[in-house]
Amino acid sequence: MMKQRQQWWTSSGVRLRHVATTPGQTNWLFLPGGPGVGSQSLLGLVHAARVPGTAWLVDLPGDGSNRGVSAVPENPFARWPNVLVEAVQALDQVVMVGHSTGGMFLSSVPELEHHLAGMVLVSSAPHAGWRDTFAHYTRRHPIPGVAEAAARYSACPDDRTLRELTLAAAPWNFTPASLPAGLTLLEDLPYNHDAVAWADAYFDDTYRARWAPQTLPALIVSGTDDHVVDQRLWHTEPDFHRPNIMHRRIDRAGHFPWIENPDTVGAAFAELIDQLHQTRSQHHHEE
(Lines give C-alpha, C1' and ligand atoms only; values in the text may rest on other atoms or scores of the structure.)
Protein backbone atom coordinates (compact mmCIF):
# COMPACT_ATOMS: atom_id res chain seq x y z
CA MET A 1 0.00 0.00 0.00
CA MET A 2 1.34 3.43 -0.88
CA LYS A 3 0.26 4.98 2.38
CA GLN A 4 2.51 2.61 4.33
CA ARG A 5 5.63 3.97 2.64
CA GLN A 6 7.72 6.56 4.43
CA GLN A 7 8.37 8.48 1.22
CA TRP A 8 7.08 8.14 -2.32
CA TRP A 9 6.46 10.09 -5.52
CA THR A 10 3.51 10.30 -7.90
CA SER A 11 4.05 9.77 -11.62
CA SER A 12 4.66 13.50 -12.14
CA GLY A 13 7.05 13.82 -9.22
CA VAL A 14 4.91 15.04 -6.31
CA ARG A 15 6.67 13.83 -3.17
CA LEU A 16 4.80 12.64 -0.08
CA ARG A 17 6.68 12.05 3.16
CA HIS A 18 4.98 10.28 6.05
CA VAL A 19 5.53 12.19 9.32
CA ALA A 20 2.89 10.98 11.79
CA THR A 21 0.24 8.33 12.30
CA THR A 22 -2.45 8.09 14.98
CA PRO A 23 -5.67 6.05 15.02
CA GLY A 24 -7.92 7.10 12.16
CA GLN A 25 -8.53 6.55 8.45
CA THR A 26 -7.94 10.09 7.17
CA ASN A 27 -4.87 11.07 5.16
CA TRP A 28 -3.82 14.66 5.84
CA LEU A 29 -1.65 16.22 3.12
CA PHE A 30 0.23 19.37 4.19
CA LEU A 31 1.29 21.63 1.31
CA PRO A 32 3.78 24.44 2.07
CA GLY A 33 3.76 28.08 1.07
CA GLY A 34 6.65 29.99 -0.36
CA PRO A 35 6.98 28.51 -2.82
CA GLY A 36 10.52 27.26 -2.55
CA VAL A 37 10.87 26.70 1.21
CA GLY A 38 9.77 23.07 1.27
CA SER A 39 7.20 21.15 3.26
CA GLN A 40 9.36 20.72 6.35
CA SER A 41 8.26 24.29 7.13
CA LEU A 42 4.94 22.73 8.20
CA LEU A 43 6.22 20.21 10.76
CA GLY A 44 5.17 22.54 13.57
CA LEU A 45 1.70 22.84 12.05
CA VAL A 46 1.39 19.05 11.92
CA HIS A 47 2.25 18.87 15.61
CA ALA A 48 -0.15 21.67 16.52
CA ALA A 49 -3.03 20.22 14.47
CA ARG A 50 -2.88 16.79 16.15
CA VAL A 51 -4.90 15.22 13.35
CA PRO A 52 -6.26 11.65 13.53
CA GLY A 53 -4.95 9.34 10.83
CA THR A 54 -1.82 9.76 8.73
CA ALA A 55 -0.04 13.06 8.11
CA TRP A 56 2.05 13.62 4.99
CA LEU A 57 4.32 16.48 3.98
CA VAL A 58 3.82 17.26 0.29
CA ASP A 59 6.27 18.88 -2.13
CA LEU A 60 5.40 19.64 -5.72
CA PRO A 61 7.99 18.52 -8.27
CA GLY A 62 10.87 20.98 -8.23
CA ASP A 63 9.79 22.62 -4.96
CA GLY A 64 11.83 22.75 -1.75
CA SER A 65 14.29 19.88 -1.71
CA ASN A 66 12.22 17.79 -4.14
CA ARG A 67 14.68 17.99 -7.02
CA GLY A 68 17.71 16.21 -8.34
CA VAL A 69 16.07 12.78 -8.12
CA SER A 70 14.93 10.49 -10.92
CA ALA A 71 11.27 10.68 -9.84
CA VAL A 72 11.14 14.40 -10.66
CA PRO A 73 10.79 15.14 -14.39
CA GLU A 74 13.16 17.36 -16.33
CA ASN A 75 10.55 20.12 -16.55
CA PRO A 76 9.07 19.86 -13.04
CA PHE A 77 6.86 22.95 -13.25
CA ALA A 78 5.01 21.94 -16.42
CA ARG A 79 1.85 20.86 -14.59
CA TRP A 80 1.96 23.03 -11.47
CA PRO A 81 -0.28 23.04 -9.49
CA ASN A 82 -2.60 20.52 -11.21
CA VAL A 83 -0.28 17.64 -10.29
CA LEU A 84 -1.83 17.80 -6.82
CA VAL A 85 -4.73 15.74 -8.16
CA GLU A 86 -2.36 12.78 -8.52
CA ALA A 87 -1.50 12.84 -4.83
CA VAL A 88 -5.12 13.07 -3.74
CA GLN A 89 -6.24 10.25 -6.03
CA ALA A 90 -3.54 7.93 -4.69
CA LEU A 91 -4.93 7.93 -1.13
CA ASP A 92 -8.27 7.50 0.59
CA GLN A 93 -10.17 10.00 2.76
CA VAL A 94 -7.84 12.94 2.00
CA VAL A 95 -7.89 16.34 3.71
CA MET A 96 -5.52 18.84 2.15
CA VAL A 97 -3.94 21.58 4.26
CA GLY A 98 -2.35 24.46 2.35
CA HIS A 99 -0.27 27.20 3.94
CA SER A 100 -0.08 30.60 2.22
CA THR A 101 0.71 30.03 -1.48
CA GLY A 102 0.08 26.33 -0.89
CA GLY A 103 -3.53 27.18 -0.08
CA MET A 104 -3.73 29.30 -3.21
CA PHE A 105 -2.50 26.34 -5.24
CA LEU A 106 -5.31 24.22 -3.75
CA SER A 107 -7.86 26.90 -4.63
CA SER A 108 -6.57 26.93 -8.21
CA VAL A 109 -7.41 23.28 -8.91
CA PRO A 110 -11.19 22.80 -8.93
CA GLU A 111 -10.80 19.10 -9.77
CA LEU A 112 -9.65 18.55 -6.18
CA GLU A 113 -13.14 19.08 -4.78
CA HIS A 114 -14.36 15.75 -6.19
CA HIS A 115 -11.59 13.81 -4.44
CA LEU A 116 -11.28 15.52 -1.05
CA ALA A 117 -12.92 14.78 2.29
CA GLY A 118 -12.00 18.25 3.58
CA MET A 119 -9.73 21.24 3.11
CA VAL A 120 -7.82 23.70 5.32
CA LEU A 121 -6.41 27.06 4.17
CA VAL A 122 -3.91 28.61 6.58
CA SER A 123 -2.71 32.21 6.05
CA SER A 124 -3.89 32.03 2.45
CA ALA A 125 -6.02 34.29 0.23
CA PRO A 126 -8.82 34.17 -2.36
CA HIS A 127 -6.96 36.32 -4.90
CA ALA A 128 -3.72 38.17 -5.60
CA GLY A 129 -4.88 41.40 -3.94
CA TRP A 130 -2.78 40.52 -0.91
CA ARG A 131 0.37 41.44 -2.84
CA ASP A 132 -0.41 45.17 -3.04
CA THR A 133 -1.37 45.27 0.63
CA PHE A 134 1.86 43.56 1.61
CA ALA A 135 3.91 45.94 -0.55
CA HIS A 136 2.28 48.92 1.17
CA TYR A 137 2.96 47.39 4.58
CA THR A 138 6.64 46.82 3.84
CA ARG A 139 7.06 50.43 2.74
CA ARG A 140 5.47 51.67 5.97
CA HIS A 141 7.47 49.23 8.11
CA PRO A 142 10.96 48.94 6.62
CA ILE A 143 13.45 46.48 8.12
CA PRO A 144 17.17 47.32 8.23
CA GLY A 145 19.11 45.18 5.81
CA VAL A 146 16.18 44.02 3.68
CA ALA A 147 16.78 46.49 0.86
CA GLU A 148 20.40 45.38 0.62
CA ALA A 149 19.41 41.68 0.68
CA ALA A 150 16.79 42.34 -1.99
CA ALA A 151 19.38 44.07 -4.17
CA ARG A 152 21.73 41.10 -3.84
CA TYR A 153 18.90 38.73 -4.76
CA SER A 154 17.92 40.86 -7.75
CA ALA A 155 21.52 40.97 -8.98
CA CYS A 156 22.11 37.26 -8.45
CA PRO A 157 18.87 35.32 -7.89
CA ASP A 158 19.82 31.91 -6.52
CA ASP A 159 19.14 29.70 -3.52
CA ARG A 160 21.73 31.44 -1.34
CA THR A 161 20.52 34.99 -1.91
CA LEU A 162 16.89 33.85 -1.55
CA ARG A 163 17.72 32.41 1.87
CA GLU A 164 19.47 35.62 2.91
CA LEU A 165 16.51 37.74 1.79
CA THR A 166 13.96 35.52 3.56
CA LEU A 167 15.88 35.61 6.84
CA ALA A 168 16.36 39.38 6.60
CA ALA A 169 12.61 39.84 6.06
CA ALA A 170 11.60 37.45 8.86
CA PRO A 171 10.17 40.19 11.15
CA TRP A 172 7.33 40.72 8.68
CA ASN A 173 6.27 37.08 9.16
CA PHE A 174 6.22 36.85 12.95
CA THR A 175 5.21 38.84 15.99
CA PRO A 176 8.17 40.32 17.89
CA ALA A 177 7.84 37.77 20.71
CA SER A 178 7.91 34.83 18.30
CA LEU A 179 10.68 36.12 16.03
CA PRO A 180 13.44 33.94 17.61
CA ALA A 181 11.34 30.80 17.07
CA GLY A 182 10.49 31.99 13.57
CA LEU A 183 14.13 32.49 12.69
CA THR A 184 14.93 29.00 13.95
CA LEU A 185 12.24 27.64 11.64
CA LEU A 186 13.44 29.59 8.59
CA GLU A 187 17.13 28.86 9.13
CA ASP A 188 16.60 25.10 8.78
CA LEU A 189 14.63 25.15 5.52
CA PRO A 190 15.74 24.39 1.97
CA TYR A 191 15.50 27.36 -0.38
CA ASN A 192 14.68 26.92 -4.04
CA HIS A 193 14.87 29.95 -6.32
CA ASP A 194 13.55 28.07 -9.35
CA ALA A 195 10.18 27.52 -7.67
CA VAL A 196 10.00 31.18 -6.69
CA ALA A 197 10.82 32.26 -10.23
CA TRP A 198 8.06 30.04 -11.66
CA ALA A 199 5.44 31.44 -9.27
CA ASP A 200 6.57 35.00 -9.95
CA ALA A 201 6.26 34.51 -13.69
CA TYR A 202 3.13 32.36 -13.94
CA PHE A 203 1.04 32.47 -10.79
CA ASP A 204 1.39 35.17 -8.13
CA ASP A 205 0.11 38.25 -9.97
CA THR A 206 -2.81 36.58 -11.73
CA TYR A 207 -4.05 34.24 -9.00
CA ARG A 208 -7.73 34.04 -8.19
CA ALA A 209 -9.45 31.09 -6.56
CA ARG A 210 -11.16 28.91 -9.17
CA TRP A 211 -13.40 27.14 -6.68
CA ALA A 212 -14.73 27.31 -3.15
CA PRO A 213 -16.06 24.29 -1.23
CA GLN A 214 -19.79 23.95 -1.84
CA THR A 215 -20.52 21.27 0.77
CA LEU A 216 -17.03 20.01 1.63
CA PRO A 217 -16.07 20.61 5.29
CA ALA A 218 -13.47 23.37 5.19
CA LEU A 219 -11.49 25.53 7.59
CA ILE A 220 -9.83 28.91 7.01
CA VAL A 221 -7.24 29.82 9.65
CA SER A 222 -6.11 33.45 9.89
CA GLY A 223 -3.59 35.10 12.18
CA THR A 224 -4.86 38.47 13.40
CA ASP A 225 -1.37 39.91 12.91
CA ASP A 226 -0.61 38.37 9.53
CA HIS A 227 1.12 41.23 7.69
CA VAL A 228 2.17 39.11 4.70
CA VAL A 229 -1.16 37.83 3.35
CA ASP A 230 -4.04 40.16 4.19
CA GLN A 231 -6.66 37.97 5.87
CA ARG A 232 -9.34 40.65 5.51
CA LEU A 233 -9.69 39.64 1.86
CA TRP A 234 -11.87 36.71 2.91
CA HIS A 235 -14.52 39.13 4.22
CA THR A 236 -15.54 40.25 0.74
CA GLU A 237 -15.70 36.79 -0.85
CA PRO A 238 -19.24 35.41 -0.41
CA ASP A 239 -18.30 32.07 -2.00
CA PHE A 240 -16.12 31.38 1.03
CA HIS A 241 -18.89 32.15 3.51
CA ARG A 242 -21.07 29.08 3.65
CA PRO A 243 -22.19 26.84 6.55
CA ASN A 244 -19.60 24.22 5.60
CA ILE A 245 -16.67 26.69 5.81
CA MET A 246 -15.38 27.67 9.23
CA HIS A 247 -13.32 30.85 9.70
CA ARG A 248 -11.08 30.90 12.76
CA ARG A 249 -8.96 33.86 13.82
CA ILE A 250 -5.80 33.17 15.81
CA ASP A 251 -5.18 36.06 18.19
CA ARG A 252 -1.76 37.75 18.22
CA ALA A 253 -0.47 35.42 15.49
CA GLY A 254 1.39 36.21 12.30
CA HIS A 255 1.88 34.43 8.99
CA PHE A 256 2.85 31.15 10.70
CA PRO A 257 0.12 31.18 13.38
CA TRP A 258 1.07 27.85 14.91
CA ILE A 259 4.34 29.43 16.03
CA GLU A 260 2.59 32.00 18.23
CA ASN A 261 -0.53 30.09 19.25
CA PRO A 262 -0.37 26.34 18.60
CA ASP A 263 -3.14 25.50 21.05
CA THR A 264 -5.71 27.72 19.33
CA VAL A 265 -4.66 26.38 15.94
CA GLY A 266 -5.12 22.87 17.31
CA ALA A 267 -8.57 23.78 18.61
CA ALA A 268 -9.58 25.02 15.16
CA PHE A 269 -8.50 21.73 13.60
CA ALA A 270 -10.44 19.86 16.29
CA GLU A 271 -13.60 21.68 15.18
CA LEU A 272 -13.00 20.62 11.60
CA ILE A 273 -12.38 17.04 12.70
CA ASP A 274 -15.76 17.05 14.47
CA GLN A 275 -17.37 18.35 11.29
CA LEU A 276 -15.71 15.61 9.25
CA HIS A 277 -17.06 12.98 11.65
CA GLN A 278 -20.56 14.43 11.44
CA THR A 279 -20.42 14.50 7.64
CA ARG A 280 -19.31 10.88 7.48
CA SER A 281 -22.00 9.79 9.90
CA GLN A 282 -24.63 11.59 7.83
CA HIS A 283 -23.43 9.91 4.65
CA HIS A 284 -23.43 6.52 6.39
CA HIS A 285 -27.04 6.96 7.51
CA GLU A 286 -28.09 8.09 4.05
CA GLU A 287 -26.61 4.93 2.56
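Biologist: Which residue in β2 does Trp-9 stand opposite?

Modeller: This is a predicted model, in which local features need pLDDT of at least 70, side-chain atom pairs count only at pLDDT 80 or more, and totals for chains, interfaces and linings use all residues. Residues are numbered from 1 along each chain as its sequence is written, and side-chain values use heavy atoms, with hydrogens and water left out. Helices (H or I, at least four residues) and strands (E, at least two) are DSSP runs, numbered from the N terminus, and two strands pair if DSSP finds at least two bridges between them. β1 and β2 pair in the antiparallel sense over three bridges, and the residue in β2 opposite Trp-9 is Arg-15.

Biologist: Which residue in the turn of the β1 and β2 hairpin has a positive phi?

Modeller: In this hairpin, five residues lie between β1 and β2. The residue in the turn with a positive phi, of about 95°, is Gly-13.

Biologist: What is the bridge partner of Thr-21 in β4?

Modeller: Strand β2 covers residues 15–21 and β4 covers residues 54–59; the two run antiparallel and are joined by six bridges. The partner of Thr-21 is Thr-54.

Biologist: Why is one side of β1 and of β8 left without a neighbour in the sheet?

Modeller: Strands of a sheet pair through backbone hydrogen bonds, either parallel or antiparallel. Here eight strands form an open sheet with mixed pairing, in the order β1-β2-β4-β3-β5-β6-β7-β8. β1 (7–9) and β8 (245–250) stand at the edges, so each has a single partner strand.

Biologist: Is Phe-30 buried or exposed?

Modeller: Phe-30 belongs to strand β3 (residues 27–31). Leaving aside neighbours within four places in sequence, its contacts (heavy atoms within 4.5 Å) include Leu-42, Trp-56 and Val-97. Buried means under 20% relative accessible area, exposed over 50%, and partly exposed in between, with a 1.4 Å probe and protein chains only. At a relative accessible area of 0%, Phe-30 is therefore buried.

Biologist: Which residues of α5 are buried?

Modeller: An α-helix has 3.6 residues a turn, so residues three or four places apart point the same way. In α5 (residues 146–155), the buried residues are Val-146, Ala-149 and Tyr-153. They cover an arc of only 65° (taken from the directions from the helix axis to the C-beta atoms), which puts them on the same side of α5. The face turned away from that side carries the exposed Ala-147, Ser-154 and Ala-155, whereas the buried residues are Val-146, Ala-149 and Tyr-153.

Biologist: How are α6 and α7 oriented to each other, roughly parallel or roughly antiparallel?

Modeller: Axes are lines fitted to C-alpha atoms, for helices over the stretch in contact, and angles run from 0 to 180 degrees between N-to-C directions. The axes of α6 (residues 159–168) and α7 (residues 179–187) come within 10 Å and cross at roughly 170°. Angles under 35 degrees count as roughly parallel, over 145 as roughly antiparallel, 65 to 115 as roughly perpendicular and the rest as oblique. The two helices are therefore roughly antiparallel.

Biologist: Where is Pro-35?

Modeller: A cis peptide bond, with omega of about -10°, joins Gly-34 and Pro-35. Pro-35 lies in the loop between β3 and α1 (43–49).
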